[in-house]
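Me: I would like to go through this model by question and answer, with the cut-offs stated as the terms come up.

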Amino acid sequence: MSISLSSLILLPIWINMSQIQQGGPDEKEKTTALKDLLSRIDLDELMKKDEPPLDFPDTLEGFEYAFNEKGQLRHIKTGEPFVFNYREDLHRWNQKRYEALGEIITKYVYDLLEKDCNLKKIFIPVDATESEPKSFIFMSEDALTNPQKLMVLIHGSGVVRAGQWARKLIINEDLDSGTQIPFIKRAMDEGYGVIVLNPNENCIEVEKPKTHVQSSSDSSDEPVEKRERKDKVFKETKKRRDFYEKYRNPQREKEMMQLYIRENGSPEEHTVYVWDHFIAKSAAENVFFVAHSYGGLAFVELMIQREADVKSKVTAVALTDSVHNVWHQEAGKTIREWMRENCCNWVSSSEPLDTSVESMLPDCPRVSAGGEVNPSLPVSDSGFFLISLRDTTHKQEECRRILIILFLFPLKSCL
């Protein structure tokens, strides 16, 4: 006869219940508590007690990985790619390990933006006090002073941060596939100023302070008997809570709370903030955006809030698999008309590169990125967009003659 793992885990509780059910009133209270516990138990949480400690290295070297000369993440000793299932049958632990490595990758890319791309880290809000939560963006030296052209990069949603398109591609493929670094370098070589947004850095996490529940005995105005009853209830409640916690959180993971960054609490807020404090003040006559996935939605929201300013300064927008929706975002007719003239959305498709792809939305043209991917998976940007202008005297004609040159990388899904 086979016994399930959950039965083995719960067997001591059932035995305990059968024993105490034969006792008096106090034992019946324990029975009630145990029944309540059984209704609350999450077996996935219960299984945490069999996990190794969730203590992971804080450096690539500690993980025994490094990026080789091709920008590929490889094990220092074996030369093998990253292995997710480091410990079999411990998916949650493996996921936590992967996330810990991902945080190191994020810092590694930040470092490359400063040292390899010569970008400056600019903290925001610009008037932040020393103690308040802060975010940051990256800019080239000439981002605000280049009189000709400025390129702005906006990544998608999720765990990615400034300088990244897709963390999975960085880990499983290489830095060129998963980061914005090739885009940034090529843009700077072509004479663009560059601003790299960081729209997912919306808050900082700090350990949640332990709440002190004041005992009713602290209130001296109540009758003694009433205070004693309240104290008894308080102690019993605390005992049950500690009993539940023993099973609910055996690893005692820290409880965290989020402190949102002023005026940057969402990707949309962040994009508007960077526009107001940096892009709008730049000297560039022509501003170009490259926005991936949710970054496209953030750009449309920027247009809705700053329509006149965007129209006067932005020359063209290259979108890749943008998830914007002009109906849901309530973009007006004038915005939709401007997008038809000045935006293009390269989407995942098996059709040849630049083949028109049908769209149900009355906004910008959709064309194939020249690759077939699993549409249920996020994809990296399929190429690098450089936008050039012909010499014309009228802005409207200039926009119509934009040449968007796509330097295509192979389109890859985030496997």
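**Helix packing and the sheet**

Reply: Helix 11 and helix 13 are oblique to each other, where angles under 35 degrees count as roughly parallel, over 145 as roughly antiparallel, 65 to 115 as roughly perpendicular and the rest as oblique. This is a predicted model, in which local features need pLDDT of at least 70 and side-chain atom pairs count only at pLDDT 80 or more, while totals for chains, interfaces and linings use all residues. Residues are numbered from 1 along each chain as its sequence is written, and side-chain values use heavy atoms, with hydrogens and water left out.

Me: At what angle do the axes of helix 11 and helix 13 cross?

Reply: Axes are lines fitted to C-alpha atoms, for helices over the stretch in contact, and angles run from 0 to 180 degrees between N-to-C directions. Helices (H or I, at least four residues) and strands (E, at least two) are DSSP runs, numbered from the N terminus. The axes of helix 11 (residues 294–305) and helix 13 (residues 333–342) come within 10 Å, and the crossing angle is roughly 130°.

Me: Which residues of helix 13 meet helix 11?

Reply: Contact means heavy atoms within 4.5 Å. From helix 11, the residues taking part are Phe299, Val300, Met303 and Ile304, and their counterparts in helix 13 are Ile335, Trp338 and Met339.

Me: What is the order of the strands in the open sheet?

Reply: Two strands pair if DSSP finds at least two bridges between them. The pairing in this open sheet of 8 strands is mixed, and the order is 3-4-6-5-9-10-11-12.

Me: Which residue in strand 4 is the bridge partner of lysine 120?

Reply: Strand 3 pairs with strand 4 (residues 135–139) in the antiparallel sense, over 5 bridges. Within strand 4, the partner of lysine 120 is methionine 139.

Me: Which peptide bond is cis, with omega near 0°?

Reply: Proline 125 belongs to the loop between strand 3 and strand 4. The cis bond, with omega near 0°, runs from isoleucine 124 to proline 125.

Me: Does asparagine 118 count as buried or exposed?

Reply: Asparagine 118 sits in the loop between helix 5 (91–115) and strand 3, and its phi is near 60°, a positive value in a residue other than glycine. Buried means under 20% relative accessible area, exposed over 50%, and partly exposed in between (1.4 Å probe, protein chains only). Because its relative accessibility is 52%, asparagine 118 counts as exposed.
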